[in-house]
Structure formats: structure tokens, C-alpha cells
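Trainee: I would like to learn how to read charged side chains in a structure. Can we go through one together?

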Amino acid sequence: SLLLGGAERWICSLCRHFDPSHAWAAAIVLTEPRSRSPIVEGWLPPRVKVVAAEMLPSVMSQIDVLIAWGTKDLAARTKGAKCQIVEVQHGTIGFGDYQRQLAQAGIDAGAHLTAVGEACLDNFPPEYRDRVTVIQNGAETDRLQPIIGREAKRAELGIKPDEKVCLFVGRISKVKNLDGLAAAMRLLPDWRLVVAGPEYQKHHCLGEAIVLPSQEQLGDLFATADVFCA
């Protein structure tokens, strides 16, 4: 998919920041072609084509490496492929058995197994974990440079001088446990919760939190925060 989420941001970041003298992205193949956001597509370089899964055999015949994420039937879709296959784990077993199914799909496809964090190793059977390469996600540092600064941003958000700020950045959905975070904030005097991200699910528990839509420029929010809670 190409919706607003961490893995999708990672896809776009790779497309934008691969060193073109070593590698460049030719296409993004969607198994869920209706799950695409024009905001996310705007993050992509113009030369990167977004195509439906029916085009995968044609794409695989023209590339050296296929990087896959979130595809339960990866082995069937890549059967007979001559290119290398790299399967990347982004989620953890906190998402449920679905993550184990995705990890098994990479094993069944004979893919190079990778993950974006150590916690993702639990998705794999124990005998496979030492075969998984963990590569931490990078950060697009241009997005993290403050523009107006801490005090101006606090004034813009209506944060009082004596209030401290806890910041959450990510999609608003139950799996992120914003209920727990908001409950913790209510127990702390003089703290405000700022939440920035796309609303996947309605949340009525956020109370006095400042809720913002997905932000392209994050530097001023991070400058404003006393604590970042992921």
C-alpha cells in the first residue's frame, strides 16, 4: 500500500535518497492498488512509477533487486524470479499473528531477511533470527530542522508558559496505545499531549490533547517537546 504510515514513508525515503551511482528505484508495485494516498505519492520522485500487482512479473524481469514489505503471498507472487528478493519486517508481534505470517512469507520466498529494529526479530522462528539483518531506519534530517522555533511554535499551539509537552508522531490508531498515553498525561500536572498524524481510527480518549494532522515539517514540533513518546 501507499497510505500514510511509517513503512510507506520509508519506501518513499529510499526512493528519494538511494545513491544513484549505486541503486535507484524503478517502480513501486502495489498489491492493494486502491490503498494509496496522493500525499504519499507526492513524496516520490517523478520518475518512480506506481503500478498494480499484475505488473510484477514484468517489473521483476527488468530489475536486480525486489524489496518487499507486507505481502503474505510473497512466495507465490515471486515464483521463478531471477532478481534478488529482500523481505523487510516493519511491525512487531504487538500487531498479532499477522507479523509472524509476513515473516514466514519471506522465509518461504527464499528472500534475504531484514528488519528495521531488534524487536522485529521476535516475528521469526528462533532458528531463523540469526539470519536476519537489522538495519535501523534513517531520518530525513531536513524535516527535523526548526523553522519558527520553540517559543513561536508553543504560542501557535496555545501552550502555556508553565506547561510541559509530550509529543507523539504517528498514525492515530488503537495499536499505538494512545489511550494509555492520554491516561498517563491526565495524571501529570502541567503537561500537555501533542499528537500529530493521520487519523486511522476515531479516538475519543485524547481529552485536552492538541491533535494535528500529518505533518511534513516536524522540526518545530520536536523543538517544542520536552518528551517524545514513540
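Mentor: Start with Glu87. Glu87 is buried, yet has no salt bridge. Its nearest side chain of opposite charge, Arg77, is 12 Å away. Buried means under 20% relative accessible area, exposed over 50%, and partly exposed in between (1.4 Å probe, protein chains only). Lys and Arg count as positive, Asp and Glu as negative; His and the chain ends are not counted. A salt bridge is a side-chain nitrogen of Lys or Arg within 4 Å of a carboxyl oxygen of Asp or Glu.

Trainee: What kind of model is this, and how are residues numbered?

Mentor: This is a predicted model, with residues numbered from 1 along each chain as its sequence is written. Local features need pLDDT of at least 70, side-chain atom pairs count only at pLDDT 80 or more, totals for chains, interfaces and linings use all residues, and side-chain values use heavy atoms, leaving out hydrogens and water.

Trainee: Where is Glu87 found?

Mentor: Glu87 is in strand E4, residues 84-89. Helices (H or I, at least four residues) and strands (E, at least two) are DSSP runs, numbered from the N terminus.

Trainee: With which residue does Arg77 form a salt bridge?

Mentor: First, the general idea. Side chains of opposite charge can pair when their charged atoms come close. Here, Arg77 pairs with Asp73, the closest N and O atoms being 3.0 Å apart. Arg77 is partly exposed, at 31% relative accessible area. Asp73 is partly exposed too, at 35%.

Trainee: How many salt bridges does the structure hold?

Mentor: It holds 11. One of them joins Glu140 and Arg16, with the closest N and O atoms 3.4 Å apart. This pair links distant parts of the chain, 124 residues apart. Arg16 is in helix H1 (residues 6-17), and Glu140 is in the loop between strand E6 (133-134) and helix H6 (150-157).

Trainee: Is Glu140 buried or exposed?

Mentor: Buried, at 10% relative accessibility. Arg16 is partly exposed, at 31%.

Trainee: Which residues are linked in a network of salt bridges?

Mentor: Arg9, Arg16, Glu140, Arg143 and Glu216. Within it, Glu216 and Arg143 meet at 3.9 Å, N to O.
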